[in-house]
Amino acid sequence: MAIGELKLQGPGLLRDGTAVSDLVDVDRRRVSARVFVDPEIHQLELRKVFGRTWCFVGHTSEIPSEHDFVLRRLAGDPVIVSQADDGDVHVS
């Protein structure tokens, strides 16, 4: 299933009818174990969290010289973090 294909069944409902809000109890500081293993929730995170925010992929100390690079995975996608000739850091 691609990230864009996932649709909630209703306002905040997973496919089995579970409300996403029922998986986290803020007052008791408890999180359902389902949050950590459910593929449907993982797809939601990829789309609603990682797809909408800046994500840390590395530190400049890992690429101290021109043409240095590191390989990372970001939300399942491979990325290259590199330092260009002018010292700028690029992610592609």
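The model is predicted. Its largest pocket has a volume of about 180 Å³, and strands β3 and β4 form a hairpin.

**Surface patch**
- Val 24, Val 26, Val 31, Phe 36 and Val 37 make a nonpolar surface patch of about 530 Å².
- Phe 36, one of these patch residues, lies in helix α1, which spans residues 34-37.
- The relative accessible area of Phe 36 is 66%, so this residue counts as exposed, the cut-off being over 50%.

**Largest pocket**
- The lining of the largest pocket consists of Leu 14, Val 20, Leu 23, Val 24, Val 35, Ile 41, Leu 44, Glu 45, Lys 48 and Val 49.
- Helix α2 (residues 39-50) gives the largest share of that lining, five residues.
- Val 24 is listed both in the pocket lining and in the nonpolar patch.

**Hairpin β3-β4**
- Strand β3 (residues 69-74) pairs with strand β4 (residues 77-83) in the antiparallel sense, over six bridges.
- Within this pairing, Arg 72 has Val 79 of β4 as its bridge partner.
- Two residues separate the strands of the hairpin, and Ala 75 in the turn has a positive phi of about 55 degrees.

**Loop between α2 and β3**
- Ile 63 sits in the loop between α2 and β3.
- Ile 63 has a relative accessible area of 1% and is therefore buried, since the cut-off is under 20%.
- Between Ile 63 and Val 89 the C-alpha to C-alpha distance is 8.6 Å, with the two residues 26 apart in sequence.

How values were computed. Residues are numbered from 1 along each chain as its sequence is written. This is a predicted model: local features need pLDDT of at least 70, side-chain atom pairs count only at pLDDT 80 or more; totals for chains, interfaces and linings use all residues. Side-chain values use heavy atoms; hydrogens and water are left out. Patches are made of residues with over 30% relative accessible area and no salt bridge: like charges are joined within 9 Å, nonpolar side chains (Val, Leu, Ile, Met, Phe, Trp, Tyr) within 5 Å. Accessible areas come from the Shrake-Rupley method with a 1.4 Å probe; for residues, only the protein chains shown count as cover. A salt bridge is a side-chain nitrogen of Lys or Arg within 4 Å of a carboxyl oxygen of Asp or Glu. Helices (H or I, at least four residues) and strands (E, at least two) are DSSP runs, numbered from the N terminus. Buried means under 20% relative accessible area, exposed over 50%, partly exposed in between (1.4 Å probe, protein chains only). Two strands pair if DSSP finds at least two bridges between them. On a 1 Å grid over the protein atoms alone, a cavity is a set of points where a 1.4 Å probe fits but cannot get out, and a pocket is an open set with protein on both sides within 12 Å along at least five of seven lines; lining residues have an atom within 4 Å of a point. Grid points are joined across faces, edges and corners, and a volume is the space filled by probe spheres set on the points.
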